[in-house]
Amino acid sequence: MATHYLDFEKPIAELEAKIEELSLLSSSAGSFDAEIEGLRKKAEQLRRKTYASLDPWMKTQVARHPQRPHFVDYVEGLFTDFVELKGDRQFGDDQAILGGLARFRDRPVVIMGHEKGHDTQTRLTHNFGMARPEGYRKAVRLMDMAEQYGLPVLSFVDTAGAYPGLGAEERGQAEAIARSTERCLTLGVPSIATITGEGGSGGAIAIAAAGRVLMLEHSIYSVISPEGAAGILWRDGARARDAAMAMKITAPDLVELGIVDRIIPEPVGGAHADRAAAVTMVGDILAEELETLSRLSADEIRKARAERFYAIGRAA
């Protein structure tokens, strides 16, 4: 897969293009090993410096990176014996939210998450991760099953928002999101939500109202996209950068506000730079959090979750 560079990564792209050019010349015009090694060190230093000082708009671009790990990558890297469960038992199956039964480090769990797709065909299949009502009703069905059998729920959030199409509204999009959010909040089993890319509006919170909310270092979580906010505030979507800078949508801001509990570090250059390492980091922290939550009774889990959400905004 060809590397996709973001606008602010152009200086890094130029260095890596030069490295590739010298590598090709090495086989026909002598050795350039010393020059290549020097350029690699320079590119690595530049990448570290760039990613250490990302502003909220840059983080928004990283969160949307097409090569970032998606739900299917986390399933493949972290879980075994995955059995996908389809359908909401009312209308149909929505492929924007996938889920089912699996084992996480030998522990049976219920998993679910938004899937955006990696290429044109899969993006269309999964509707770019924008779920319809049947996706959220499927999520409720999975959570009901988790409650019935005492299984932890692990959700992976990555969506620009719920699908706003006419058919989705006709089938009760708002009600489906509300029911899914309610079910998250009433679970008596351990529940952990991880914001892996974009956490957009009610489409995200419908499966993210968990006992613990984790967030990858360069992901975002907001009530509306920066473009949407700019359109409302200034009637100019081109001012998305200004909106992103003001909205407090990044992980450090959200931890400070009490909306997110913990930040998961990403490899240098973002999760897309080393997908396997990013997935492993997520798995290790999920294991820690799940071990802690598993010591609580159902009543303690519900009480702790309620206290967590009631505390949001209290300091303000």
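Colleague: Are Phe 79 and Phe 156 buried or exposed?

Modeller: Phe 79 and Phe 156 are both buried, where buried means under 20% relative accessible area, exposed over 50% and partly exposed in between, with a 1.4 Å probe and protein chains only. This is a predicted model, in which local features need pLDDT of at least 70 and side-chain atom pairs count only at pLDDT 80 or more, while totals for chains, interfaces and linings use all residues. Residues are numbered from 1 along each chain as its sequence is written, and side-chain values use heavy atoms, with hydrogens and water left out.

Colleague: How many aromatic pairs are there by this rule?

Modeller: A pair of aromatic rings is described by the distance of the centres and the angle of the planes. Rings of Phe, Tyr and Trp (its six-membered ring) pair if their centres lie within 6.5 Å, and planes under 30 degrees apart count as stacked, over 60 as edge-to-face and the rest as tilted. By this rule the count is 5 aromatic pairs. In one of them, the ring centres of Tyr 74 and Phe 156 are 5.3 Å apart with planes at 20 degrees, so the pair is stacked. Because Tyr 74 belongs to helix H4 (residues 71-78) and Phe 156 to strand S4, this pair ties together parts that are 82 residues apart in sequence; helices (H or I, at least four residues) and strands (E, at least two) are DSSP runs numbered from the N terminus. Phe 79 and Phe 156 form an edge-to-face pair, 6.1 Å centre to centre with 85 degrees between the planes. That pair links Phe 79 in strand S1 (residues 79-84) with Phe 156 in strand S4, 77 residues apart. Ring pairs join Phe 71, Tyr 74, Phe 79, Phe 104 and Phe 156 into a cluster.

Colleague: Which residues line the largest cavity?

Modeller: Rolling a probe the size of a water molecule over the atoms shows where empty space is left. On a 1 Å grid over the protein atoms alone, a cavity is a set of points where a 1.4 Å probe fits but cannot get out, and lining residues have an atom within 4 Å of a point. The structure holds 1 cavity of 30 Å³ or more, and the largest cavity has a volume of about 50 Å³. Among its lining residues are Met 112, Met 143, Val 153, Ser 155, Cys 184 and Leu 187, and also Ser 191, Ile 192, Ala 193, Ile 207, Ala 209 and Ala 210. Strand S5 (191-200) and strand S4 (153-159) each supply at least two lining residues.

Terms used: 1 Å grid on protein atoms, 1.4 Å probe; cavity = no way out; pocket = protein on both sides within 12 Å on 5 of 7 lines; lining within 4 Å. Points joined across faces, edges and corners; volume = space filled by probe spheres on them.
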